[in-house]
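Here's a quick briefing for anyone meeting this structure for the first time. Have a look at the sequence and the 3D view, then read on.

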Amino acid sequence: MANHESAIKRHKQSEKKKLRNRSVKSAVRTAAKKVKEAAAANRKDDATALLKNAISLLDGAVTKGVLHRNNASRRISRLTGTVNSASSK
């Protein structure tokens, strides 16, 4: 454990960030999973609505510094491709 006041404070801050990051990442993964399931079941309307929600969560994760913007962009692109290919079948 840290001994200096500043190190103790940084440790507390990192613990808070870790909890928030875990929560945000979990929400993003859950949203992506729902989009993929809807696309696999050929439910175009549901998949499109879920995709919109997932994009919002991914953008929020970037704003909070949980994900890098390129990472979020790549995930959005892949999810959009999945929804588009599922709806065209």
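Aspartate 46 has a relative accessible area of 39%, so it counts as partly exposed (buried means under 20% relative accessible area, exposed over 50%, partly exposed in between, with a 1.4 Å probe and protein chains only). Its salt-bridge partner is arginine 43, with the closest N and O atoms 3.0 Å apart. Keep in mind that this is a predicted model, where local features need pLDDT of at least 70, side-chain atom pairs count only at pLDDT 80 or more, and totals for chains, interfaces and linings use all residues. Residues are numbered from 1 along each chain as its sequence is written, and side-chain values use heavy atoms, with hydrogens and water left out.

**Salt bridges**

- Searching the whole structure turns up 2 salt bridges (a side-chain nitrogen of Lys or Arg within 4 Å of a carboxyl oxygen of Asp or Glu).
- Arginine 43, the partner of aspartate 46, is partly exposed at 39% relative accessibility.
- Glutamate 15 pairs up with lysine 18, and their closest N and O atoms are 3.5 Å apart.
- These two, glutamate 15 and lysine 18, sit 3 residues apart in helix H1, so about one helical turn separates them.
- Glutamate 15 is partly exposed at 32% relative accessibility, and lysine 18 is partly exposed at 42%.

**Overall layout**

- The chain has 3 helices and 0 strands (helices, H or I with at least four residues, and strands, E with at least two, are DSSP runs numbered from the N terminus).
- The chain's radius of gyration is 17 Å, well over the 12 Å that the globule rule gives for 89 residues, so the chain is more spread out than a compact globule (the radius is taken over C-alpha atoms, and the rule is 2.2 Å times the number of residues to the power 0.38).
- Along the principal axes, the C-alpha atoms fill a box of roughly 60 × 20 × 15 Å.
- Buried residues account for 21% of the 89 residues.

**Helix H1**

- H1's 36 residues should span 52 Å at 1.5 Å a residue, and its end C-alpha atoms are 53 Å apart, which agrees (the expected span is 1.5 Å times one less than the number of residues).
- The buried residues in H1 include Val24, Val28, Ala32 and Val35.
- After H1 comes asparagine 42, with a positive phi near 60°.

**Helix H2**

- H2 has 20 residues that should span 28 Å, in agreement with the 28 Å between its end C-alpha atoms.
- Buried in H2 are Ala47, Leu51, Ala54, Leu58 and Ala61.
- They cover an arc of only 85° around the axis, so they lie on the same side of H2 (the arc is that of the directions from the helix axis to the C-beta atoms).
- Asp45, Lys52 and Thr63 are exposed on the other side of H2.
- Just past H2, glycine 65 has a positive phi of about 85°.

**The core**

- The largest nonpolar core has 17 residues, and Val35, Leu58, Ala61 and Leu79 have the most contacts inside it (such a core is a set of buried Ala, Val, Leu, Ile, Met, Phe, Trp, Tyr and Cys residues joined through side-chain atoms within 4.5 Å).
- Helices H1 (5–40), H2 (44–63) and H3 (69–88) each give two or more residues to this core.
- H1 supplies the largest share, 6 residues.
- Leucine 79 touches Ala32, Val35, Lys36, Leu51, Ala54 and Leu58, leaving out residues up to four places away in sequence (contact means heavy atoms within 4.5 Å).
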